[in-house]
Amino acid sequence: MLEIQNVTKVFFPGTVNEKVALENINLHVEKGDVVCVIGSNGSGKSTLFNMIAGTFPVTNGKIIVDGKDVTNAPEYKRAFYIGRIFQDPTKGTSANMSIEDNMNLACTKGMKGLKFGLTSERRKEFRRLLEPIGLQDRMADNVGLLSGGQRQALTLLMTTLSKPSLMLLDEHTAALDPRNAEIVMDLTKKYIEDGKLTAMMVTHNMQFAIDYGNRLIMMDEGHIILDIKGDEKKRLTVQSLVDKFREIRKKDFTSDEGLLTE
Amino acid sequence: MIEGILVEGLIFAIMALGILISYRILDMADLTCDGSVATGAAVATMCIVNGLGITMGLILSFLVGVLCGLVTATIHNKLKLPVLLAGILTMTMLYSVNLRILGNKANVSLVRVDTLYRLFPEWFSFVPSDVASLIGTLIFVIAVTVLMDLFFRSDMGMAIGAMGGNEQVIISQGMNPATLKLIGLGLSNGLIALSGGLLAQYQGFADANLGQGMVVQGLAAVMIGEFLFSSNKISLITLRCILGGIIYKGLMFLGRKYGYLIGITPNDFKLLTGILVIISLTIAKTRTMASDKAARKKAIENAMRKEETNA
């Protein structure tokens, strides 16, 4: 499904601001996996997502989605396989267009022709799909009138319409209040299960990361320091996660210390 | 006389539709217009003068206009230049190109040849010639507007509209924004040049300086239109744009006719148009501020009422 081989990303190479954001990352995600990615700010989660989605080119390494090498493909071409949802609810929809127009746009990927795609059949289908998020009676309203939670739910629905091979959820509930975050999270779970999608999700909420998905990755300083899957993931608690993190950090610390004293 | 204003307004409205595409639908400040409207006029005039015919003249002026838009969009896409600067570059280059098209003359007049505005009175000979011109122009504008409405209701047109609101959406849906910008700016300048082609036939000559200040005038028409009514339906948006164009020309007519009473001459029109745009923007702003204020007042009243009932 997703194969990341030796991916390194260096920002501002050769300048005083040079920063290694990702260092030799290797990751293999199976079809149907739901991977939660956690880590502190600046640990490289967002950079990793940007590399997969193609926002910036990689410095070195290979990215393969669905058996196709997309390392050098521009972002809009990768969008055929990858559906991405951002933290900012305004990024996934066009505010000055109606809900149905936005959904019509998301029905098929790629360049649009001169057809009139928005038929009454499609409208009916949209109505059915919009019912779970309670927007079925506002299809002709501009998206700009919706709340952040509603917009994010709509974005989620639009992204799943085209059945992407891989969903990238970039802290997509972080800008919402706890109640809306929960609604959007439940919808996420439902859409992923219904569509049997493969997903990667960045979150700062450890409880979310433990409750959802079948695999958990922790990143720190541009490395994947923890990769928990299967039964081990099921038994995971917040406390054991924190303990594991401390353990790894301490190990690093002692080895650093050792280096200094020798 | 009123027919004259309407014809002028309708021809001008086609250009305003072009401006509507670039400024409102694409949200790109494209200044190519100042050049491409004169290019359209020059191409149509030279075609007619050299016997290629009116139809060919208008088709070619549209296509050359599209080409102007493509140049601007390509400069913007490839060199990552702001579209404002790309437009200024194209506009400046077009000035020389326009003089070349006109055979190195500043203006060429359409004498002793058939133009649309000589043919309209023949086609609609059952009405006075002024009305005939109006009918002809109206049919032309309706045809253009209907085609434009249909285009922006197609999937591709919707994608262009969505890009104006949010470029990331287009990328996420697997479309290249650069291609959509090419199409959008091409169409916008095609319409603008087409309007120039009509204008040359209406006034009977093409002028290399025709385009000066056209962007601002078109923008004024778009903004006047937006005062009329608000809508998110493309057919109503184009309609109000056309009405805005006619009203703008009407205002200019009043300025010409009665302006002398307060000492205004046609030399002042560019200044006045600029002020009109600024006033429109100010009114639009105060309008939202006023509704915000009203909302706040209502909220305070509600809060006080609640406190009273609690107390």
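1. Let me start with what sits over helix α3 of chain A: the cover on its buried residues includes α4 (120-130) and α5 (148-161) of chain A, together with α7 (155-165) of chain B. Please keep in mind throughout that this is a predicted model. The buried residues of α3(A) are Ile99(A), Asp101(A), Asn102(A), Met103(A), Asn104(A), Leu105(A) and Ala106(A). With 7 of its 8 residues buried, α3(A) is therefore largely enclosed by the rest of the structure.

2. Chain A brings 28 residues to the contact between the chains, and chain B brings 20. On the side of chain A that touches chain B, the elements giving two or more residues are α2 (75-78) and α3 (99-106). The largest share of that side, 4 residues, comes from α3(A). By class, the residues on this side of chain A are 10 nonpolar, 10 polar and 8 charged.

3. Taken along the principal axes, the C-alpha atoms of chain A fill a box of roughly 75 × 40 × 35 Å.

4. Two further numbers describe the inside of chain A. Of its 262 residues, 40% count as buried. Among contacts in chain A with a separation of 6 or more, 68% are between residues 24 or more positions apart.

5. Leu146(A) is worth a look on your screen. This residue is found in the loop between α4 and α5 of chain A. Leu146(A) has 20 other C-beta atoms within 10 Å and is therefore buried, the cut-off being 20 or more. Setting aside neighbours within four places in sequence, Leu146(A) is in contact with Arg151(A) and Leu154(A). Its C-alpha atom is separated by 9.4 Å from that of Leu135(A), 11 residues apart along the chain.

6. The crossing of α2(B) past α4(B) is left-handed.

7. Here is who meets whom in that pair. From α2(B) come Asp34(B), Gly35(B), Ser36(B), Ala38(B), Thr39(B), Ala42(B), Val43(B) and Met46(B), and they meet Thr90(B), Met91(B), Leu94(B), Tyr95(B), Val97(B), Asn98(B) and Ile101(B) of α4(B). The classes in this contact of α2(B) with α4(B) are 9 nonpolar, 5 polar and 1 charged.

8. Helix α2 of chain B has another partner for you to check, helix α10 (residues 214-228) of chain B. These two pack at an angle of about 100°, with their axes 8 Å apart. The two helices, α2(B) and α10(B), are therefore roughly perpendicular to each other. Cys33(B), Asp34(B) and Val37(B) of α2(B) make the contact with Met214(B), Val215(B) and Gly218(B) of α10(B). The residues of this contact divide into 4 nonpolar, 1 polar and 1 charged. Asp34(B) is listed in the contact with α10(B) and also in the contact with α4(B).

Terms used
Residues numbered from 1 in each chain as written. Chains lettered and ligands numbered in written order. Predicted model: local features only at pLDDT ≥ 70, side-chain atom pairs only at ≥ 80, totals over all residues. Axes fitted to C-alpha atoms, helices over the stretch in contact; angles between N-to-C directions. Parallel < 35°, antiparallel > 145°, perpendicular 65-115°, else oblique. Contact = placed C-beta atoms within 7 Å. Nonpolar A, V, L, I, M, F, W, Y, C, P; charged D, E, K, R; others polar. Buried ≥ 20, exposed ≤ 12 C-beta atoms within 10 Å, placed from the backbone. Left-handed = near helix turned anticlockwise from the far one by under 90°.
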